[in-house]
Amino acid sequence: MVRRGALFGAAIMLLVLVPALSSHALDAARPAQERPDGPSVGGILRDPERNPVPDVDLLVARDGEEIGVATTAADGSWVLEVPEPGSYQVAIDVDTLPEGLGLRDPERQTLDDVRVREGFKPVNFLLGEGTSSAPTRVERLLNLAVAGLRIGLIIAVAAVGLSLVFGITGLTNFAHGELVTFGALIAYLLSTSPVLGDVPLVVAGALAVVAGAGFGYLHERAMFRPLRRRRTGNVALIVVTIGLSIFLRNLYLVIFGGGQRQYDEFTIQVGLDLGPISPRAKDLVVIGIAAFVLVVVAVLLQRTRLGTGMRAVADSSELASASGIDVNGIILITWVSAGALAALGGVLYGVSEQIESDLGFQLLLLMFAAVVLGGIGTAYGPMLGGLLIGLVSSLSTYWIDTKYKTGVALAVLILVVLVRPQGILGKRERIG
């Protein structure tokens, strides 16, 4: 009873401290110009040396109808209120840019699908010397492949824990997306909090992974282990995860708000000139970290006693227990690992994209797709499935609008499952 009380006490302390930190962090993340109360778009325009670029006009329109024009202030910030949430077009007037500056990618003068929700939507334009010609087809495909590799690795990192929990406990955790969001939000709050002295993002990300591991520990010790002791059925456990997902998602919304934000560090980066591709430095770092973590996880599962114990429990928990394996200990380590990997996935996604209160929920379908495509219950399946989902969804935008890329990825999932129902790396099981 004392231990369980301590667990709930830690959870309550977390819920008390995070809102206190977030109130400072949200103020620090806003542009210098006063932000409207309703839905709005804006950002900070900087040159490659991160100097502010003032007096540049930005046009916001919807379905071809002009909504308004904003001009960057002395600090490069701009904000424009929009009538309601929805999809908008945001364009930069290149004629108002200072001499010698231009867009790194001339094709991104107009952003056609800027989705605004309740709150502030950041929009960034990358400036440099500009280019005189648009990228070739090969260059576009290669850059899309790099982007697909990045998002695929992030999905793979986040989805490994989802697959491990299912393989070892048989639980389909619909609250796994909220573990991803938790990591992204903790890193954001730590890295932008004046209370803690603006923790560097690298340190904040590491602390977020530790916090994610602790959150996974709380999931197992405070909720799912007591439910298993009461012999709660699998269907009831799934309903519990759905309820937990809804509760946490709304809790994040209350604390964090409905806007979209970015980490203060590495927000504006000029693409590197690497021949036919021009990735941002942070994208290469994200790819490197994600690939390294996946290799480490694979080695741990294949070459260590812990990995052997996990595989044994996944095959048969009764036989594993009879062999002297601490089944509850293995399950606890699995939850801790799942929380840490999910939090890392959230941090990496926040570095390369944007952060919002339902970030993990948006990725949840892609994570499930990666698990099913690669082979549900396997450790390596989500890695392969995540890569395929990321590459297919990104490359498809060469031919179709970006809003349909998720549908294309799921269509590929359906085709693969029709041919190989157990997934690419899954094992065929005999029923009956």
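Q: Let's start with Y398. Is Y398 buried or exposed?
A: Y398 is buried, with a relative accessible area of 18%. Keep in mind that this is a predicted model.

Q: Why does 18% count as buried for Y398?
A: Because the cut-off for buried is under 20% relative accessible area, and Y398 comes in at 18%.

Q: And what about W399, buried or exposed?
A: W399 is exposed, since its relative accessible area is 62% and exposed means over 50%.

Q: What kind of aromatic pair do Y398 and W399 make?
A: An edge-to-face one. Their ring centres are 5.0 Å apart, and there's an angle of 80° between the planes.

Q: How many aromatic pairs are there?
A: The count comes to six.

Q: Which rings get linked into a cluster?
A: Y188, F256 and Y263 do, through ring pairs.

Q: Okay, cores now. Which residues have the most contacts inside the largest nonpolar core?
A: Those are Y263 and M367, in a core of 79 residues. Helix α2 (residues 137-169) gives the largest share of this core, with 14 residues.

Q: What does M367 touch, leaving out residues up to four places away in sequence?
A: I155, A158, A159, L162, H176, G177, V180 and G360.

Q: What other core lies apart from the largest one?
A: One of 21 residues, and V60, A70, Y88 and I92 are among them.

Q: Which charged end sits over the ring of Y88?
A: That's R62, and its charged end is 5.0 Å from the ring centre. R249 does this too: its charged end sits over the ring of F361, 3.9 Å from the centre.

Q: Switching to strands: how do β2 and β3 run?
A: Antiparallel, with six bridges joining β2 (residues 57-62) to β3 (residues 65-71).

Q: Which residue in β3 is the bridge partner of L59?
A: V69 is.

Q: What's up with D63 in that hairpin?
A: D63 takes a positive phi near 55°, and the hairpin has two residues between the strands.

Q: Last one, A379. Where is A379 found?
A: In the loop between α10 (359-374) and α11 (381-395). A379 counts as buried because its relative accessibility is 14%.

Q: Which residues is A379 in contact with, beyond its neighbours within four places in sequence?
A: V160, L164 and L301.

Q: How far apart are A379 and L425 in space?
A: They're 9.5 Å apart, C-alpha to C-alpha, and 46 residues apart in sequence.

Terms used
Residues are numbered from 1 along each chain as its sequence is written. This is a predicted model: local features need pLDDT of at least 70, side-chain atom pairs count only at pLDDT 80 or more; totals for chains, interfaces and linings use all residues. Side-chain values use heavy atoms; hydrogens and water are left out. Helices (H or I, at least four residues) and strands (E, at least two) are DSSP runs, numbered from the N terminus. Buried means under 20% relative accessible area, exposed over 50%, partly exposed in between (1.4 Å probe, protein chains only). Contact means heavy atoms within 4.5 Å. A nonpolar core is a set of buried Ala, Val, Leu, Ile, Met, Phe, Trp, Tyr and Cys residues joined through side-chain atoms within 4.5 Å. Rings of Phe, Tyr and Trp (its six-membered ring) pair if their centres lie within 6.5 Å; planes under 30 degrees apart count as stacked, over 60 as edge-to-face and the rest as tilted. A charge sits over a ring if NZ of Lys or CZ of Arg is within 6 Å of the ring centre and within 35 degrees of the ring normal. Two strands pair if DSSP finds at least two bridges between them.
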